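Subject: Structure handover

Hi,

Here is the structure I promised to pass on to you. Have a look at it first, and then read on for what turned up.

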Amino acid sequence: MKEWQVLLSGSGGQGLGLAGKILAEAALYRGLYAAHSQSYGARARGGYSDSGVVIGSESIIFPLVETPNLLLTLSREAYDKNVHRLAPRGILIFDADAVNAGPAERRHGFAMTRAARQLGNEKGVALLGLGVITALLGIVRPEDVEKAIAGNLPPGLLEPNLRCYRRGLEMAGGG
């Protein structure tokens with residue numbers, strides 16, 4: 001496996017930091033190396049936020065995402081800020097409710113915010129995006145992601161967030 005640089009980006013309050021942590025833990029469960037970082041500054045609620053995960057089969061030398069192989073954008077601001085950073089042949093996954101990225105190879109739009117809202121858990125949109133990532137790429141296994149979700153959420157929040165994750169898997173044809 002080559003090294004994957006994954007950037008999850010959107011607005012503060014969408015659960016991007018948690019989703020990045022869960023993705024990194026799921027990679028560790030699979031026996032891979034992973035490093036997680038996040039950025040949200042003083043604009044934690046509503047302003048730009050991102051979470052980076054570097055995953056590889058060997059030790060990770062530099063733990064920050066510079067040129068993502070995979071970019072998840074959940075807001076127009078996140079798309080505008082990061083699309084130019086996407087690696088050649090990189091994969092873009094975007095929330096079609098917030099971004100009009102246009103049709104192109106290796107671009108995948110899903111109505112993620114709408115789906116999370118329909119599930120009654122709009123704050124679970126990043127986990128829904130993580131389900132899409134899991135289904136499309138196969139970097140991590142669904143059972144490892146679910147184990148990481150269970151390890152990071154209290155019992156009262158577990159089921160609504162698992163529903164979001166599983167809906168993302170279904171939306172991308174993996175569930």
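The largest nonpolar core has 42 residues, and Ile55, Ile93, Met112, Val145 and Ile149 are the ones with the most contacts inside it. Apart from that one, there is a second, separate core of 12 residues, with Leu7, Ile60, Leu71 and Ala101 among its members. Please keep in mind that this is a predicted model.

I found Ile93 a handy place to start. If we set aside its neighbours within four places in sequence, Ile93 is in contact with Leu70, Leu71, Leu72 and Thr73, among others. Its contacts also include His108, Phe110 and Met112, as well as Val132, Ile133 and Leu136.

Now to the strand around it. Which residues sit on each side of S5? Ile91, Ile93 and Asp95 lie on one side, with Leu92 and Phe94 on the other, and both faces are covered. As a general point, nonpolar side chains in soluble globular proteins tend to be buried together.

S5 has a parallel partner in strand S4 (residues 70–73), with 4 bridges joining the two. Here Leu71 stands opposite Leu92. S5 is also joined by 4 bridges to strand S6 (residues 107–110), again in parallel, and in that pairing Phe94 stands opposite Gly109.

What kind of unit do S4, helix H2 and S5 make? With H2 covering residues 76–82, they form a right-handed β-α-β unit.

Best wishes

Key
Residues numbered from 1 in each chain as written. Predicted model: local features only at pLDDT ≥ 70, side-chain atom pairs only at ≥ 80, totals over all residues. Heavy atoms only, no water. Buried < 20%, exposed > 50% of the residue type's maximum accessible area, 1.4 Å probe, protein only. Pairing = 2+ DSSP bridges. Right-handed = clockwise from strand over helix to strand, strands pointing away. Core = buried A, V, L, I, M, F, W, Y, C linked by side-chain atoms within 4.5 Å. Contact = heavy atoms within 4.5 Å.
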